[in-house]
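The text after it takes up the overall layout and then a few local details.

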Amino acid sequence: MKPIVEPEYFDVCPTLLIHPEVDPMTPYSLSESFYERLQCKKSCIILEGAGHFPIEQPGVEQMKAAVLNFLTEIDNNFEVKKSSIYTGDKKNFSIMCF
């Protein structure tokens, strides 16, 4: 599938990539090539010991912590912008789970 915006031109919002370490269906190398091309602020978390659909431990807890940390960082940055030069009221972010 072709993205609407190629990753080289995507700089709209911070992005978090969450990828299972032991995923035989979607190896990290496939996700990594796309992730590396993104031009936005980005973070990548590898779920240690997790398989393709990380519903098992420790993947679930790692994913929960990664998402909560990411959202906290977004919220903290939003508050700084809101109090200084930011005039909008929307929080934009992207979370990709493979």
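The model is a predicted one. Its secondary structure comes to two helices and three strands, and from the N terminus on these elements run β-α-β-α-β. Of the 98 residues, 27% count as buried. The protein exposes about 6,700 Å², and carbon and sulfur atoms supply 59% of that area. Among contacts between residues at least 6 apart in sequence, 71% join residues at least 24 apart.

Strand 1 pairs with strand 2 (residues 42–47); the two run parallel and are joined by six bridges. Within this pairing, H19 has I46 of strand 2 as its bridge partner.

The segment before strand 1 comes next. P7 is located in this segment and is buried, with a relative accessible area of 1%. What is P7 in contact with, leaving aside its neighbours within four places in sequence? The contacts are F34, R37, L38 and Q39. P7 also lies 8.5 Å from E36, C-alpha to C-alpha, although the two are 29 residues apart in sequence. V5 belongs to the segment before strand 1 as well, but V5 is partly exposed, with a relative accessible area of 40%. Together with I4 and Y9, V5 makes a nonpolar surface patch of about 410 Å².

Side chains of opposite charge can pair when their charged atoms come close. A search of the whole structure finds four salt bridges. One of them joins E6 to R37, with the closest N and O atoms 3.1 Å apart. This pair links distant parts of the chain, since E6 is in the segment before strand 1 and R37 is in helix 1, 31 residues apart. E6 counts as partly exposed at 22% relative accessibility, and R37 likewise counts as partly exposed at 31%.

R37 also meets E8 in a salt bridge, at 2.5 Å from N to O. E8 lies in the segment before strand 1 and R37 in helix 1, so this pair ties together parts that are 29 residues apart in sequence. E8 is partly exposed, with a relative accessible area of 34%.

Another salt bridge is formed by the side chains of E73 and K41, at 2.5 Å from N to O. E73 is in helix 2 (residues 59–83) and K41 in the loop between helix 1 and strand 2, so placed that the pair links distant parts of the chain, 32 residues apart. E73 is partly exposed, with a relative accessible area of 34%, and K41 counts as partly exposed at 48% relative accessibility. Salt bridges that share partners join K2, E6, E8 and R37 into one network.

Note on methods. Residues numbered from 1 in each chain as written. Predicted model: local features only at pLDDT ≥ 70, side-chain atom pairs only at ≥ 80, totals over all residues. Heavy atoms only, no water. Pairing = 2+ DSSP bridges. Helix = DSSP H or I, 4+ residues; strand = E, 2+ residues; numbered from the N terminus. Patch = residues over 30% accessible without salt bridge, like charges linked within 9 Å, V, L, I, M, F, W, Y side chains within 5 Å. Areas by Shrake-Rupley, 256 points an atom, 1.4 Å probe, with all protein chains shown as cover. Buried < 20%, exposed > 50% of the residue type's maximum accessible area, 1.4 Å probe, protein only. Contact = heavy atoms within 4.5 Å.
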